Amino acid sequence: MPIITKITAQKQTTDRLNIFLDDGSGEKYAFSVDQDILIKYNLQKGKELDDLEIMDIQYGDLIKKAYNKALEFLSYRMRSIKEVKDYLLKKEYEEVVCLEVIGKLQEYKYVNDLEFAEAYVRTQWQTNGKGPSVIKRELREKGVHPNFIEEALEPYNQEAQVEEAIGHANKVLKKNHKLSTVQLQQKTEQYLIRKGFPFGIVSIVLEEVNINQDESEEWSALEKHAEKAKRKYQSEEPYVFKMKMKQFLYRKGFPLELIDKYLEQEGEEN
């Protein structure tokens with residue numbers, strides 16, 4: 001059987017060691033192992049190894065390499081089990097190696113999908129302001145079990161969702177005060193849905209916040225849009241001009257009585 005004749009440290013990686021064997025034809029490099037594997041298998045000069053033992057040692061070293069890769073991946077932030085597995089598969093580790101590594105990570109509590117989901121919900125809710133629908137979809141994509149997702153989302157109850165969504169709605173209203181009331185409502189509703197808030201929460205928020213523009217704000221917004229429309233239709237005949245202006249402003253969400261008032265004033269000025 002081959003005999004270990006020499007063990008040397010690698011120059012680039014001090015925690016890995018080169019194993020040299022002599023199978024009767026002279027000493028030659030055989031394989032390298034992690035320091036932990038050296039200790040685990042009691043590898044030392046003069047020890048005999050059969051083919052089965054060598055395969056077992058090399059497989060153990062492969063697991064150790066993959067485990068170290070996973071720990072490095074986890075060092076940046078928490079990950080779901082699926083994220084770790086996908087990462088190892090991308091690094092071309094076989095499925096059986098990935099599963100063994102994940103089992104070891106779970107044993108040492110380095111991965112836990114419920115804890116991951118709870119931390120993810122807190123971050124996406126309190127830092128990024130996402131609604132529960134978006135968070136739920138993202139956690140599903142990360143392979144988290146639906147039961148863990150629901151449990152993690154429990155603190156993000158209706159009251160908390162309404163409070164978060166109202167904050168978003170007020171920002172939308174502040175930035176878009178020159179829009180018509182109808183446009184403001186549509187824009188606010190669409191924004192909240194994109195952020196991941198369900199229709200029930202959106203409806204509550206739309207009743208809570210003050211979307212209705214006062215008459216002066218609505219008039220100011222109408223004039224702004226009307227100026228654009230006038231430049232577009234100024235070459236039209238008076239009747240056609242009036243109809244197109246009316247249609248344009250109505251599509252923008254302004255009430256007919258306000259449009260008629262504007263066009264009446266416009267007619268008097270001209």
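**View 1. The exposed and buried sides of helix α12.** On one side of α12, Tyr-239, Tyr-250 and Arg-251 are exposed, where exposed means over 50% relative accessible area, buried under 20% and partly exposed in between, with a 1.4 Å probe and protein chains only. Phe-241, Met-245, Phe-248 and Leu-249 of α12 are buried. Looking down the axis of α12, you will find the buried residues within an arc of 90 degrees, so they line one face of the helix; the arc is that of the directions from the helix axis to the C-beta atoms. This is a predicted model, in which local features need pLDDT of at least 70 and side-chain atom pairs count only at pLDDT 80 or more, while totals for chains, interfaces and linings use all residues. Residues are numbered from 1 along each chain as its sequence is written, and side-chain values use heavy atoms, with hydrogens and water left out.

**View 2. The length of α12 and what follows.** Helix α12 covers residues 238-251, which is 14 residues. Helices (H or I, at least four residues) and strands (E, at least two) are DSSP runs, numbered from the N terminus. From first C-alpha to last, α12 reaches 20 Å, close to the 20 Å expected at 1.5 Å a residue; the expected span is 1.5 Å times one less than the number of residues. After α12 comes Gly-253, with a positive phi near 95 degrees.

**View 3. Aromatic rings in pairs.** Six aromatic pairs turn up in a search of the whole structure. Here, rings of Phe, Tyr and Trp (its six-membered ring) pair if their centres lie within 6.5 Å, and planes under 30 degrees apart count as stacked, over 60 as edge-to-face and the rest as tilted. Phe-20 and Tyr-29 are edge-to-face, because their ring centres are 5.8 Å apart and their planes stand at 75 degrees. Phe-20 is buried at 16% relative accessible area, whereas Tyr-29 is partly exposed at 43%. Phe-73 and Tyr-87 are stacked, because their centres are 4.1 Å apart and their planes lie at 5 degrees. This pair links distant parts of the chain, with Phe-73 in helix α2 (residues 51-74) and Tyr-87 in helix α3 (residues 81-90), 14 residues apart. Both Phe-73 and Tyr-87 are buried.

**View 4. Charges over rings.** A charge sits over a ring if NZ of Lys or CZ of Arg is within 6 Å of the ring centre and within 35 degrees of the ring normal. Phe-73 has the charged end of Arg-79 over its ring, 3.8 Å from the centre. Likewise, the charged end of Lys-104 sits over the ring of Tyr-67, 4.3 Å from its centre.

View 5. Side chains of opposite charge can pair when their charged atoms come close. With a salt bridge taken as a side-chain nitrogen of Lys or Arg within 4 Å of a carboxyl oxygen of Asp or Glu, the count comes to 13. Asp-36 and Lys-64 meet in one, at 2.8 Å from N to O. Asp-36 lies in helix α1 (residues 35-40) and Lys-64 in helix α2, 28 residues apart. Asp-36 is partly exposed at 41%, while Lys-64 is buried at 13%. Another salt bridge joins Lys-230 and Glu-227 at 3.3 Å, N to O; both lie in helix α11 (residues 215-233), three residues apart, about one turn of the helix. Finally, Arg-77, Glu-83 and Lys-142 are linked in a network of salt bridges.
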